[in-house]
Amino acid sequence: MHVLVTGMVQVGKSTAIDKFLQRAGIRADGFRTFWEYGKYRTLHMRSFADGTSAMIATEESGRLCPLPDAFDTFGKQLVEQSGTLDITVLDELGRLELRSPDFCNAVLERLKDPRPVIAVVKPEHNNFLDAVRSTENTAVIEVNTVNRDTVPEKIGELLGLKI
(Lines give C-alpha, C1' and ligand atoms only; values in the text may rest on other atoms or scores of the structure.)
Protein backbone atom coordinates (compact mmCIF):
# COMPACT_ATOMS: atom_id res chain seq x y z
CA MET A 1 0.00 0.00 0.00
CA HIS A 2 1.15 3.52 -0.82
CA VAL A 3 -0.21 6.63 0.88
CA LEU A 4 -0.38 9.97 -0.90
CA VAL A 5 -0.73 13.00 1.35
CA THR A 6 -2.10 16.17 -0.20
CA GLY A 7 -3.37 19.55 0.95
CA MET A 8 -2.77 23.27 0.87
CA VAL A 9 0.67 24.83 1.48
CA GLN A 10 1.79 24.82 5.13
CA VAL A 11 -1.23 22.82 6.35
CA GLY A 12 0.95 20.18 8.06
CA LYS A 13 1.55 17.42 5.50
CA SER A 14 5.25 16.90 6.28
CA THR A 15 4.63 17.33 10.01
CA ALA A 16 2.00 14.57 9.89
CA ILE A 17 4.46 12.25 8.12
CA ASP A 18 7.18 13.06 10.68
CA LYS A 19 4.78 12.29 13.54
CA PHE A 20 3.81 9.00 11.89
CA LEU A 21 7.46 7.96 11.45
CA GLN A 22 8.29 8.90 15.04
CA ARG A 23 5.27 7.18 16.59
CA ALA A 24 5.68 4.06 14.45
CA GLY A 25 9.41 3.92 15.18
CA ILE A 26 10.29 3.14 11.58
CA ARG A 27 13.17 4.26 9.40
CA ALA A 28 12.63 6.08 6.12
CA ASP A 29 14.60 6.53 2.96
CA GLY A 30 13.67 8.70 -0.01
CA PHE A 31 13.79 12.50 0.17
CA ARG A 32 12.38 15.71 1.57
CA THR A 33 12.48 19.12 -0.12
CA PHE A 34 13.39 22.28 1.78
CA TRP A 35 13.96 25.98 1.12
CA GLU A 36 17.16 27.92 1.70
CA TYR A 37 17.04 31.67 1.94
CA GLY A 38 20.02 33.83 1.06
CA LYS A 39 20.55 36.36 -1.68
CA TYR A 40 18.22 34.13 -3.71
CA ARG A 41 15.61 31.65 -2.55
CA THR A 42 16.52 28.09 -3.58
CA LEU A 43 14.79 24.74 -3.25
CA HIS A 44 16.79 21.65 -2.26
CA MET A 45 16.21 17.92 -2.03
CA ARG A 46 17.72 16.04 0.96
CA SER A 47 18.18 12.29 1.32
CA PHE A 48 16.45 10.75 4.33
CA ALA A 49 19.06 7.97 4.35
CA ASP A 50 22.31 9.94 4.52
CA GLY A 51 21.44 13.65 4.62
CA THR A 52 23.11 14.55 1.33
CA SER A 53 21.33 17.27 -0.62
CA ALA A 54 21.24 19.06 -3.96
CA MET A 55 19.65 22.26 -5.22
CA ILE A 56 16.69 21.43 -7.49
CA ALA A 57 15.26 24.91 -8.21
CA THR A 58 16.10 28.55 -7.87
CA GLU A 59 13.93 31.63 -7.79
CA GLU A 60 14.68 34.16 -10.49
CA SER A 61 12.72 37.41 -10.83
CA GLY A 62 10.04 36.03 -8.52
CA ARG A 63 9.65 32.83 -10.57
CA LEU A 64 10.72 29.37 -9.45
CA CYS A 65 12.96 27.77 -12.07
CA PRO A 66 13.53 24.01 -11.80
CA LEU A 67 16.91 22.41 -12.47
CA PRO A 68 15.90 19.33 -14.50
CA ASP A 69 19.38 17.79 -14.45
CA ALA A 70 19.34 17.76 -10.63
CA PHE A 71 16.03 15.89 -10.61
CA ASP A 72 17.22 13.47 -13.30
CA THR A 73 20.50 12.70 -11.54
CA PHE A 74 20.34 13.22 -7.76
CA GLY A 75 16.56 12.85 -7.43
CA LYS A 76 16.40 9.79 -9.65
CA GLN A 77 19.24 8.17 -7.68
CA LEU A 78 17.42 8.73 -4.36
CA VAL A 79 14.22 7.19 -5.73
CA GLU A 80 15.98 4.23 -7.34
CA GLN A 81 17.97 3.49 -4.17
CA SER A 82 14.88 3.71 -1.95
CA GLY A 83 13.01 0.78 -0.50
CA THR A 84 15.90 -0.61 1.56
CA LEU A 85 14.57 0.75 4.88
CA ASP A 86 11.11 0.39 6.45
CA ILE A 87 9.35 2.93 4.24
CA THR A 88 10.09 5.39 1.45
CA VAL A 89 9.07 9.04 1.78
CA LEU A 90 8.85 11.24 -1.33
CA ASP A 91 8.23 14.74 0.01
CA GLU A 92 7.21 16.35 -2.27
CA LEU A 93 5.99 15.78 -5.82
CA GLY A 94 4.61 18.62 -7.94
CA ARG A 95 5.06 20.52 -11.18
CA LEU A 96 8.81 21.22 -11.05
CA GLU A 97 9.52 17.64 -12.12
CA LEU A 98 7.68 17.92 -15.45
CA ARG A 99 10.89 18.64 -17.41
CA SER A 100 12.65 15.70 -15.74
CA PRO A 101 11.38 12.53 -17.43
CA ASP A 102 14.00 10.26 -15.84
CA PHE A 103 12.95 11.35 -12.35
CA CYS A 104 9.23 11.03 -13.16
CA ASN A 105 9.75 7.54 -14.59
CA ALA A 106 11.77 6.50 -11.52
CA VAL A 107 8.94 7.64 -9.21
CA LEU A 108 6.31 5.82 -11.25
CA GLU A 109 8.42 2.65 -11.34
CA ARG A 110 8.97 2.85 -7.58
CA LEU A 111 5.19 3.08 -7.06
CA LYS A 112 4.79 -0.22 -8.95
CA ASP A 113 6.87 -1.87 -6.22
CA PRO A 114 4.86 -3.28 -3.28
CA ARG A 115 7.26 -1.82 -0.67
CA PRO A 116 5.35 1.06 0.99
CA VAL A 117 5.71 4.69 -0.05
CA ILE A 118 4.35 7.82 1.57
CA ALA A 119 4.41 10.73 -0.88
CA VAL A 120 3.38 14.35 -0.50
CA VAL A 121 1.57 15.31 -3.71
CA LYS A 122 0.64 18.87 -4.63
CA PRO A 123 -3.15 19.35 -4.91
CA GLU A 124 -3.07 20.14 -8.63
CA HIS A 125 -3.27 18.26 -11.88
CA ASN A 126 -0.64 17.51 -14.50
CA ASN A 127 0.29 14.32 -16.36
CA PHE A 128 2.87 13.29 -13.76
CA LEU A 129 0.75 13.90 -10.66
CA ASP A 130 -2.32 12.32 -12.24
CA ALA A 131 -0.24 9.20 -13.04
CA VAL A 132 1.03 9.11 -9.44
CA ARG A 133 -2.52 9.38 -8.07
CA SER A 134 -3.81 6.66 -10.41
CA THR A 135 -1.21 4.10 -9.28
CA GLU A 136 -2.77 0.85 -8.08
CA ASN A 137 -2.83 0.10 -4.36
CA THR A 138 -2.68 3.81 -3.47
CA ALA A 139 -4.76 5.78 -0.98
CA VAL A 140 -5.01 9.57 -0.85
CA ILE A 141 -5.34 11.56 2.38
CA GLU A 142 -6.24 15.24 2.11
CA VAL A 143 -4.80 17.12 5.08
CA ASN A 144 -6.60 20.20 6.38
CA THR A 145 -6.65 22.21 9.59
CA VAL A 146 -9.50 20.08 10.98
CA ASN A 147 -8.00 16.59 10.45
CA ARG A 148 -4.23 17.19 10.50
CA ASP A 149 -3.79 15.91 14.07
CA THR A 150 -5.34 12.55 13.16
CA VAL A 151 -3.42 12.05 9.89
CA PRO A 152 -0.47 10.14 11.46
CA GLU A 153 -2.89 7.50 12.79
CA LYS A 154 -4.71 7.38 9.45
CA ILE A 155 -1.41 6.74 7.64
CA GLY A 156 -0.67 3.93 10.10
CA GLU A 157 -4.15 2.48 9.62
CA LEU A 158 -3.75 2.43 5.83
CA LEU A 159 -0.35 0.75 6.15
CA GLY A 160 -1.65 -1.79 8.66
CA LEU A 161 0.33 -0.33 11.58
CA LYS A 162 -1.14 0.67 14.92
CA ILE A 163 0.59 3.76 16.29
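Two strands count as paired if DSSP finds at least two bridges between them. With that in hand, here is a walk through this predicted model.

**The whole protein**

The protein contains five helices and eight strands. Along the principal axes, its C-alpha atoms fill a box of roughly 45 × 30 × 30 Å.

Of the 163 residues, 46% are buried. Among contacts with a separation of 6 or more, 65% are between residues 24 or more positions apart. The accessible surface comes to about 8,600 Å², and carbon and sulfur atoms hold 49% of that area.

Which strands does strand 1 pair with? Strand 8 is joined to it by six bridges, and strand 7 by three. The table sets out these two pairings.

| Partner of strand 1 | Direction | Bridges | A bridge pair |
|---|---|---|---|
| Strand 8 (residues 138–143) | parallel | six | Thr6 with Glu142 |
| Strand 7 (residues 117–121) | parallel | three | Val3 with Ile118 |

**Backbone details to look for**

Some places in the backbone deserve a visit of their own. In the loop between strand 1 and helix 1 (13–24) you will find Gln10. Gln10 is not a glycine, yet its phi is positive, at about 65°. Is Gln10 buried or exposed? Its relative accessibility is 74%, and exposed means over 50%, so Gln10 counts as exposed.

Asn137 also has a positive phi without being a glycine, in this case about 60°. Asn137 sits in the loop between helix 4 (127–133) and strand 8. With a relative accessibility of 48%, Asn137 counts as partly exposed.

Finally, look at the link between Asp91 and Glu92: a cis peptide bond joins them, with omega at about 25°. Glu92 belongs to strand 6, which spans residues 87–93.

Note on methods. Residues numbered from 1 in each chain as written. Predicted model: local features only at pLDDT ≥ 70, side-chain atom pairs only at ≥ 80, totals over all residues. Heavy atoms only, no water. Helix = DSSP H or I, 4+ residues; strand = E, 2+ residues; numbered from the N terminus. Buried < 20%, exposed > 50% of the residue type's maximum accessible area, 1.4 Å probe, protein only. Contact = heavy atoms within 4.5 Å. Areas by Shrake-Rupley, 256 points an atom, 1.4 Å probe, with all protein chains shown as cover.
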